[in-house]
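Colleague: I am new to this one. Please show me the model, and I will ask how you know what you say.

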Amino acid sequence: MTAVLRASGLGKRYGRNWALSDCTISVPAGQVVGLVGPNGAGKTTLLHLAAGLLAPTSGTIEVLGGRPLDGPAQLRRVGFVAQETPVYAGLSVADHLRLGVWLNPGWDNDLAERRIEQLSLDPKQKAGKLSGGQRAQLALTLAIAKRPQLLLLDEPIASLDPLARREFLQGLMVVVAEQGVSVVLSSHLVGDLERVCDYLIVLVASRIQVAGEIDQLLASHHRLIGPRRDPGRMPANQEIIQASHTDRQSTLLVRTDEPIIDPSWAVEQVSLEDLVLAYMGRTADADRRPALSEVRS
Amino acid sequence: MIRLAWRQFRSQAALALVALAALAVVVAVTGANLAHLYDTTVAPCNAGGGDCQAVGVSLLSTDLSLQLVLSAIVLAAPALVGIFWGAPLIARELETGTFRLAWTQSITRTRWLAVKLGVVGLSGMAIVGLLSLMVTWWYGPIDRVSMNEFQPGVFDARDIVPIAYAAFAIALGITAGLVIRRTTAAMAATMVGYVGALLVVTSLAGPYLMPPAHANVPLSSASDLGFDPGPTLVAGAPDIPNAWVLSSQIVDGSDQAPSQTAMAQFIQTACPKVFGSASQVGGQLKGPADATAFHDCIVQLSSKYHEDVTYQPADRYWVFQWCESAIFLGLAVILAGVSFWWIRRRV
């Protein structure tokens, strides 16, 4: 199985702060990958490293088997839409397509023009006058029409209204279906990703907390509700992601590949959102554990 | 990439070309008039060998405000292309985030920078070059009369040096924009850096670029008698056509600068009419009698003292034009190298 993205010990430091640290991951091809985490978690840094906009401080990163900063051949294979979907305000929509022709040997102009027509964008309109949604669509069109094997999208829908979000994601799914392109899409909202992604990476506080196919993640995480007990006395194959207690009752979110045998637990399915929030909360706890454990006991 | 660079730059280039064309019309009309004036007044006078000061002054005061405007334009043009074309070129892309769009197309950022730098740099040099050509031609008759081709405001506004200034200013603007990443700050830095570099290089070029020549010039009315604190001689500016006079000082027959007391003693003995009386106040010499005494005094003093002048002679004009151009082109190349290093390592 080829990996679209493979990182080993990958880190990026700005001054004294690590924006991303010790990131080791292998993302299989042919997936729509959601990269989720709070703002400032390092999502953009990871995507910029993959797109070749940044060089790593430590570790290695491979994208489609090549190094991201390896020249034009590598750049051709990766499409990138940056956060806030920047376009040239002074250039028209048609100018942007021309830019695509000029800068990309593999440019598919039919595809680009077809998309612009479907989106009913006026080719003569200056890109600076487009709405946020239209601008995002234009940026996506540029990234798609260069015919990449991997699309990297950095929070492309964060600034869009709900309708524009849906249209953007629908357009993206059409491209995935038609072109078989792999996608890595970041967002700080799980709800956006749940509908379109097969694979999820949770990135919190510059570290990857969990990564895997969404089906497997949902199958291996459970919420256990039962009489109050000490989390330290759980079976070794059950990793506790989140625990909360009342006087009589404990609620645990555990990860395990084994079935839950203990009959005293009521086992519940976990939603993807709860799962992600649990991982986000875990790092928050790690930073403030003494104070919080007081409150909870 | 060259088509994109041109597409992004063409409206600015068009604006500059329109302004240049408008200026060319003004320059052509008034310049032809100026040349005609020279040919009909100064040239016949020079051929006749008389005193041509009056016709010269009359030519020098023709189109005086246009003279100032043209000088100002050609002096400011390199700084303007550096500030308004160079500094925003990369800084604006960094500021608005569009560099992320550009750098993730199928060309490397190095090539992106090389093409942008090439298109804007060469356009800026071409525009400033045309401007300098026009102004140099227009000023031709005036320069032949005023004979001060090395003077600041003349030397740096003629022939080829403005082109090298433009190359330097644009490279400085691009590098500042890349490093500072803010358009307005980069523009300000470009202006300060450009003016600073110009002052440093031009002030060092005169004495150090080539060893200056020396000349012995007899005392003349240009050398002033004075009373500070006692009678003394102060070297005036000698009149060597088109030369760049760096310094001049009073020396005696053995080329040594005389001490104040030695000079004062000699002046008092040589010029008893001027300096004999203690009633002189404030160094003011008045009346026709005094003027004769003054003239006699200078003649007397000339037997012992003369002026030693260090200067760059007129025939070095083109050496200096080429050398200064080479210096600024060299600086531009160094800055371009810095910007390539920076875009690969630091952004």
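Colleague: Which residues in helix 6 of chain B meet helix 7 of chain B?

Modeller: This is a predicted model. On the helix 6 side of chain B, they are B:F168, B:A169, B:L172, B:G173, B:A176, B:G177 and B:I180. They meet B:T183, B:A185, B:A186, B:A189, B:T190, B:G193, B:Y194 and B:A197 in helix 7 of chain B.

Colleague: What classes of residue make up the contact of helix 6 with helix 7 of chain B?

Modeller: There are 10 nonpolar, 5 polar and no charged residues. Gly counts as polar here.

Colleague: Turn to chain A. Which strands are the edge strands of the sheet, and what makes them edges?

Modeller: The sheet is open, with 6 strands in the order 5-6-7-3-8-9 and mixed pairing. Strand 5 (78–81) and strand 9 (207–213) of chain A each pair on one side only. That makes them the edge strands.

Colleague: How do you know that strand 8 of chain A pairs with strand 9 of chain A?

Modeller: Count bridges. Pairing takes at least two bridges. Strand 8 (residues 199–204) and strand 9 of chain A have 6 bridges, in the antiparallel sense. So strand 8 and strand 9 of chain A count as paired. One bridge joins A:V204 to A:R207 in strand 9 of chain A.

Colleague: Which helix packs on this sheet of chain A, and what does it touch?

Modeller: Helix 5 (residues 132–145) of chain A packs there, touching strand 5 and strand 6 (150–153) of chain A. Its direction makes about 175° with that of strand 5 of chain A.

Colleague: How is chain A divided, and how many residues does the contact between its domains take?

Modeller: Chain A has domain 1 (3–204) and domain 2 (216–296). Their centres are 34 Å apart, taken over C-alpha atoms. The contact takes 8 residues from domain 1 and 7 residues from domain 2 of chain A.

Methods:
Residues are numbered from 1 along each chain as its sequence is written. Chains are lettered from A and ligands numbered from 1 in the order in which they are written. This is a predicted model: local features need pLDDT of at least 70, side-chain atom pairs count only at pLDDT 80 or more; totals for chains, interfaces and linings use all residues. Helices (H or I, at least four residues) and strands (E, at least two) are DSSP runs, numbered from the N terminus. Two residues are in contact if their C-beta atoms, placed from the backbone, lie within 7 Å. Axes are lines fitted to C-alpha atoms, for helices over the stretch in contact, and angles run from 0 to 180 degrees between N-to-C directions. Domain bounds come from an automatic or database domain assignment.
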